[in-house]
Amino acid sequence: MASNVNPTVRRRRLGQELRRLRELKGMTAEEVAERLLVSQSKISRLENGRRSISQRDVRDLCGVYDVEDHRIVDSLMQMAKDSRQQGWWHAFGDIPYSVYIGLETDAASLRVYDPQIVPGLLQTPRYAEALITGALPETAAGDVEKRVNVRLRWQERILTAEQPLRLWAVIDEAALRRVVGDRQLMREQLEHLVEQSQLPHVTVQILPFDMGAHPGISGHYAILEFPDAADSSVVYIEGVTSDLYLEKANDVQKYSVMYEHLRAQALNVEASRHFIANIAKEYAR
């Protein structure tokens, strides 16, 4: 697959364009579904980019929307073709969070708040393995290894990319205190976190316990922003059996404001680095 073709993002852009055409036609998703003899949920999945879009789907929808410009139809058909190609993560088999990886692969910046663990992009291999084993105790050793390898490949976004992901992570003190694996492993992880926080495109802030209640108390979330103005920001909330992606401007704005409060309440960058280093020393005792 060409490196500049991201199937997840292609699906998302195509879905946005199909939604725009439907709205220009003044039709509801239910009306379109009735015309095509399909379920309304299929139309919704096509428009939100969570489902692969075939060229036939595009052709049928363009027919319903009376799109007469062949250049527009051809462009949408090509996007549908691109969206069915495979991203690098498909080489690892079935990955439950492949949609998120696809979005992050094309993102320009990521703001993440994590109350329980060190964020995936900043994890060491041993920490990742111990974390996955503990969180998913019934997972086979081969699947654990596959997930760790995906995570390491995923981390190239901040390690070796020519245009690295701009990462801002606010991490609760609980993530530093929770012993994943053993104390030596935790010391290695926290030392790695300090090292990564010194990269010019990585910012790490710690939210200590004594800050009390704060806007992120309800749990982990991430905000992804993209270099292309046509791609709206996305709020990602991880679930046990399914994940939630919020794209409405009002939702993104609310989470962005919450994140600004988190950054304001957290320790500054230098103080956060010292805080992490001091806890790492405690694990050495």
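Leaving aside its neighbours within four places in sequence, which residues is E104 in contact with? Before selecting anything, note that this is a predicted model, in which local features need pLDDT of at least 70 and side-chain atom pairs count only at pLDDT 80 or more, while totals for chains, interfaces and linings use all residues. Residues are numbered from 1 along each chain as its sequence is written, and side-chain values use heavy atoms, with hydrogens and water left out.

**First stop: E104**

Select helix α6, residues 98-106, where E104 is found; helices here are DSSP runs of H or I with at least four residues, strands are runs of E with at least two, and both are numbered from the N terminus. Setting aside neighbours within four places in sequence, E104 is in contact with L110, L121, W154, R157, L165 and L224, contact meaning heavy atoms within 4.5 Å. E104 is buried yet has no salt bridge, and the nearest side chain of opposite charge, that of R157, lies 6.2 Å away. Buried means under 20% relative accessible area, with exposed over 50% and partly exposed in between (1.4 Å probe, protein chains only). A salt bridge requires a side-chain nitrogen of Lys or Arg within 4 Å of a carboxyl oxygen of Asp or Glu.

**Second stop: strand β4 and the sheet**

L224, one of the contacts of E104, stands opposite V234 in β5, and it leads on to strand β4, residues 221-225, which is joined to β5 (residues 234-237) by three bridges in an antiparallel arrangement.

Now display the whole open sheet, whose six strands follow the order β3-β2-β1-β4-β5-β6 with mixed pairing. The edge strands are β3 (202-207) and β6 (244-246), each of which pairs on one side only.

**Last stop: V144**

Finally, move to helix α8, residues 141-154, and select V144, which counts as buried because its relative accessibility is 7%. Leaving aside neighbours within four places in sequence, V144 is in contact with E129, I132, T133 and T139. Of these contacts, I132 is twelve residues from V144 in sequence, and the two are 6.6 Å apart in space, C-alpha to C-alpha.

Definitions and conventions
Two strands pair if DSSP finds at least two bridges between them. Lys and Arg count as positive and Asp and Glu as negative; His and the chain ends are not counted.
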